[in-house]
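I opened this entry to record what I looked up, step by step. Confidence goes down before any contacts.

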Amino acid sequence: MKVLVAVKRVIDYNVKVRVKPDNSDVDLTNVKMAMNPFCEIAVEEAVRLKEKGVATEVVVVSIGPKVAQEQIRTALALGADRGILIETEEKLESLTVAKLLKAVVEKEQPQLVLMGKQTIDSDNNQTGQMLGALTNMAQGTFASEVAVDGDKVNVTREIDGGLRTVALKLPAIVTTDLRLNEPRYASLPNIMKAKRKPLDVTTPADLGVAMTSTLSLVKVTPPAERQAGIKVGSVEELVEKLKNEAKVL
Amino acid sequence: MLTFDSLRLASPYYNDNHAEWRSQLRKFVEREIMPHVDDWEEACDLPQALWHKAAEVGLLQLGYPEQYGGLTEGTDIFHTIIAVEELSRTGAGGIYATLMVHGIGLPPVVHFGSDYLKNMVIAPVLSGEKHISLAITEPGGGSDVANLSTSAVRDGDHYIINGSKTFITGGIRADWYTVAVRTGGEGVGGISMILVPADAAGFSRTPLNKKQGWWCSDTATLYFDNVRVPASYLIGAENQGFMPIVHNFNNERLALTAGALASAKVCIEEAAAWAKERKTFGKPLSKHQVIRHKFAEMVRQVNATQAYMDSCAWQIQNGKAKPADIALLKVQATMVMEFCAREALQILGGAGYMRGCKSERIYREVRVNAIGGGSEEIMRDLAARQLGL
Ligand SMILES: Cc1cc2nc3c(=O)[nH]c(=O)nc-3n(C[C@H](O)[C@H](O)[C@H](O)COP(=O)(O)OP(=O)(O)OC[C@H]3O[C@@H](n4cnc5c(N)ncnc54)[C@H](O)[C@@H]3O)c2cc1C
């Protein structure tokens, strides 16, 4: 079974994001970039499927600038077999990404597509769903457990107030939630081996997808700064303030 | 914000592959080491499982020949520097010193040992199953290596060893020791290196676990009482032991430099986070000129040391290193570590004096860096001699 995993280059989750002074976007200059954490979980799941003998090949695809090869190399070091970079300097929107992924799905014919439920940069949480609609493939979103069973995959989904398990006919799309697994770290020998694994570069034009934009970014504002706290002298004072100032009692 | 990472100068010596190694190793350290550092320090021990994990991630094998299970392909000296830095980022120098002690114990075997010794020793050490320590220093003296007195006398196809070694890192855990012994006359021309197994009859060891720092590191005094070792355990030729000792000095001093420098950065990071939060006299500490200038001064020294270190590493890699430069680099690094530990503790105030603060621990680790692996005095003296003075 071939597994396709989509990974995105985003700001490292440890970095404190700064908004540009003109509020036009987030400031990316000299900021550490990394693989989106949900995508890392998807890679880990694919590699585990391979280690279990369920998957025979793990192909990683990323869409982004040339440097996004770094994230593909990371996935290869974690155990994926080969990579595809769809190189573009354009801004990425969920629908275009879904269209590009559809083109890759048609070419590669994977039985399972694993991707993060969302990326931590724009938090859209819709690309997997859009890809499902475009390809007519079954989808299991927010997975906390993935079990391939013959020509089916059972996906346990994290939903409000509980878990819901769906059985999908393969080929299918699964988007990962945080609790699906704990991604491994790559060993130095595997980092070195990853350098020799194949990585093909293609472009949206090659895949026949136009990078048209349907959205324009209006404004980005940082969250309001937290106000400094105060010390109260007594429980009575606290209750008084909760009643009359905060008006929560 | 001043952080461990923001303090790293962009440098032509590091590429994407180095960055990848750093980020994967960072994950390893965050998951397998960071949560346990305080416990291990208080327990004065490290778990054996750590060696197996370190072998899995490739730490133990880095830089050793592939035919014995090592890893050299595609790696260079900067991968090693990154390994030291990321392990030192824990703020507990004892972890690197002990986990990677084969970095001083093994090279004599790798570069001067017979095939017989190499086949016996290297692979199990690199897989983390077995441990090897280096035993040079004696109760009678450490700096004056040429005058060491532990003796090895040839008796048929064995050597009989008598004497004692002290302050030996990893000395309680070790399965083998690479020991400097006197086989000939006075001075450097009478020294040999020999492998001694910890289970040899007549060998014993006692722990030195009341140390100022490096608590998680097992340090030992070793006693050799008519210890018989096969003559085939000799590393290199008889009375030619000084070469294996000095051969690894540049690498050892570079590693000590990287550790001292990383420790200095940990101090700056911790003090900076505190200085931005802590308010005195109506404003954050970081807004008081006296404190701001402390940071500027620390960063100045760290930057200079970083550039000096990277340049020396490149020189070592390309066979262009002058021992004087490497010796003085080590002095530079330990003095910067000392300065930064001092200033960080001043900035942290009483909080910095309490256990649980990385800078507090690093402060207690300054001296072992400044004394071990060639003391500051000895390094300066060596450099002056090399400079023809
Ligand atoms: C925690 C720890 C771990 C260690 N691990 C190991 C290990 O694994 N293996 C090992 O072999 N050793 C180890 N050492 C020993 C270390 O290498 C020695 O402590 C060091 O070489 C200094 O030797 P010494 O302590 O005998 O001091 P001495 O040589 O007695 O020197 C004492 C002081 O006098 C100074 N001095 C000496 N000679 C001169 C001179 N000619 N001019 C000016 N000043 C001079 C020195 O700089 C030093 O400050 C370790 C030490 C420590 C503290």
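Predicted model: local features only at pLDDT ≥ 70, side-chain atom pairs only at ≥ 80, totals over all residues.

Chain B averages a pLDDT of 97, and 100% of its residues score at least 70. For the complex, I noted an ipTM of 0.88 and a pTM of 0.92 from the predictor.

Next I looked up the contact between the chains. Chain A puts in twelve residues and chain B 14. On the side of chain B that touches chain A, helix 1 (16–33) and helix 3 (49–57) each supply at least two residues. Helix 1 of chain B gives the most there, with seven residues. I sorted that side of chain B by class: five nonpolar, four polar and five charged.

Then I turned to the domains of chain B. They are domain 1 (16–126), domain 2 (132–242) and domain 3 (245–386). I took centres over C-alpha atoms and got 22 Å between domain 1 and domain 3 of chain B. Between these two domains, 17 residues of domain 1 are in contact with 17 residues of domain 3. Helix 4 (77–88) of chain B gives the largest share of the domain 1 side, six residues. By class, I listed eight nonpolar, five polar and four charged residues on that domain 1 side.

Last, the nonpolar core. The largest one has 179 residues. A:Val5, A:Val43, A:Ala46, A:Val60 and B:Ile194 have the most contacts inside it. Helix 10 (residues 249–277) of chain B brings the largest share, 15 residues.

Methods: Residues numbered from 1 in each chain as written. Chains lettered and ligands numbered in written order. Contact = placed C-beta atoms within 7 Å. Helix = DSSP H or I, 4+ residues; strand = E, 2+ residues; numbered from the N terminus. Nonpolar A, V, L, I, M, F, W, Y, C, P; charged D, E, K, R; others polar. Core = buried A, V, L, I, M, F, W, Y, C linked by C-beta atoms within 7 Å. Buried ≥ 20, exposed ≤ 12 C-beta atoms within 10 Å, placed from the backbone. pLDDT = per-residue confidence, 0-100. Domains from an automatic or database assignment.
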